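Q: I have a structure open and would like to learn how to read it. Where do we begin?

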Amino acid sequence: MKIIINRVYPNFAEQKMYIQWEVESPPSVEATFDVFRSESPTGGFEQIASNLRNTYFYVDQFENTPGFFSLDRSIYYKVAISCSGERVESNPVYFDGAISADPMEQRDVDASYRHMKRNQYDKQLRLLRNKLILDFKLGLEKIYGISAILLKRKRWGTRCGLCYDPIANKQIKSHCDKCYDTTWVGGYIPTPILVHEQKPMPIQSGKDIPGPIEIKQTSFSTLYFPKINYDDIIAIRYNNTRYHIKSVSDTYIRTIPIHQTIISEIIPPDHIVYKIDIDTMEGMFNV
Ligand SMILES: [Zn+2]
């Protein structure tokens, strides 16, 4: 069992930090998560959330700690997973307000070097990043965003007792409405998001391929968080169309990751994932 923080991302305007994680070699039963924050990589770490269940991220709110969250400060996070009496912590990762696309693990970075690196250029990049992210977010919210549910595919939790064979370590029966063919009970964790549907992708063809080949792919862009992965699903609210994520790429402006671009394929209406009811999923992920 191993836990890795795979994204730390700020919203300076609303004084929030988004922390996302993934679990490797997960146990077959439900786990809980604790989140810790520090101003130093060596601690002490303050516990800011405990016993989180059935989630893959946490949003750290700073409105009650004025001055803590600023462009000038480094903030370190750790996440712990607990399960069946076992407890494992992630490496501390830090957010320096700067330039890296993803959190850097403390073990990879020399603290004195980090301090020296902090210069005026960094500050300008931080300000620029703040503006670019905010502009994209406002565009989604006010102009071109459409309401969707990210169905985050479960990769840990409780194994499905109906279709999963633990000896063979595979699914032995498909079209399972307990895990929606993920082998993890519940199948997906829903997160409301906004997406921007792009122009249809060009149809791919090659001169060696006889006849036209139609590849029905749809492209969306969305905020840089939550981090979206292959095989997650996006469900569009207004028409209930669902798409399998086939690839995700990050879009950068001057090394600053601004948004994710998703290539997806529409899911046929007889697929088991249409049994997941999205009508009752209220609210909007607002980071
Ligand atoms: Zn199942």
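A: We begin with pairing, as a term is needed first: two strands pair if DSSP finds at least two bridges between them. Keep in mind that this is a predicted model.

Q: Which residue stands opposite Gln217?

A: In general, strands of a sheet pair through backbone hydrogen bonds, either parallel or antiparallel. Here, strand E14 (residues 217-223) pairs with strand E17 (residues 256-266) in the antiparallel sense, over 7 bridges. Gln217 stands opposite Glu265 in E17.

Q: In what order do the strands of the barrel close?

A: The order is E10-E13-E14-E17-E16-E15, with antiparallel pairing, and 6 strands make up the barrel. From one strand to the next, the twist averages 45 degrees.

Q: How many helices and strands does the protein chain have?

A: The protein chain has 2 helices and 17 strands. Of its contacts with a separation of 6 or more, 63% are between residues 24 or more positions apart.

Q: Why does His196 count as partly exposed?

A: The call rests on counting neighbours: 20 or more other C-beta atoms within 10 Å make a residue buried, 12 or fewer make it exposed, and partly exposed is in between. His196 counts as partly exposed because it has 18 C-beta neighbours inside 10 Å. His196 lies in strand E13 (residues 188-197).

Q: Which residues is His196 in contact with, leaving aside its neighbours within four places in sequence?

A: They are Leu140, Tyr144, Gly145, Phe220 and Ser221. Take Ser221: it is 25 residues from His196 along the chain, yet their C-alpha atoms are separated by 5.1 Å.

Q: Which members of the largest nonpolar core touch the most other members?

A: In soluble globular proteins, nonpolar side chains tend to be buried together. In this chain, the largest nonpolar core has 49 residues, and Ile19, Tyr77, Val79, Ala148 and Ile234 touch the most other members. The core lies between domain 1 (2-121) and domain 2 (140-275), because both give residues to it. Not counting residues up to four places away in sequence, Tyr77 touches Ile5, Val8, Ile19, Val35, Phe36, Arg37, Pro92 and Val93.

Q: What share of the residues in the protein chain is buried, and how many are buried in strand E4?

A: Buried residues make up 31% of the 287 residues in the protein chain. Strand E4 (residues 46-53) has 8 residues and the number buried is 0, so the strand lies largely in the open. E4 pairs with strand E3 (residues 32-38) in the antiparallel sense over 5 bridges, and Thr32 stands opposite Arg53 in E4.

Key: Residues are numbered from 1 along each chain as its sequence is written. This is a predicted model: local features need pLDDT of at least 70, side-chain atom pairs count only at pLDDT 80 or more; totals for chains, interfaces and linings use all residues. Helices (H or I, at least four residues) and strands (E, at least two) are DSSP runs, numbered from the N terminus. Two residues are in contact if their C-beta atoms, placed from the backbone, lie within 7 Å. Axes are lines fitted to C-alpha atoms, for helices over the stretch in contact, and angles run from 0 to 180 degrees between N-to-C directions. A nonpolar core is a set of buried Ala, Val, Leu, Ile, Met, Phe, Trp, Tyr and Cys residues joined through C-beta atoms within 7 Å. Domain bounds come from an automatic or database domain assignment.
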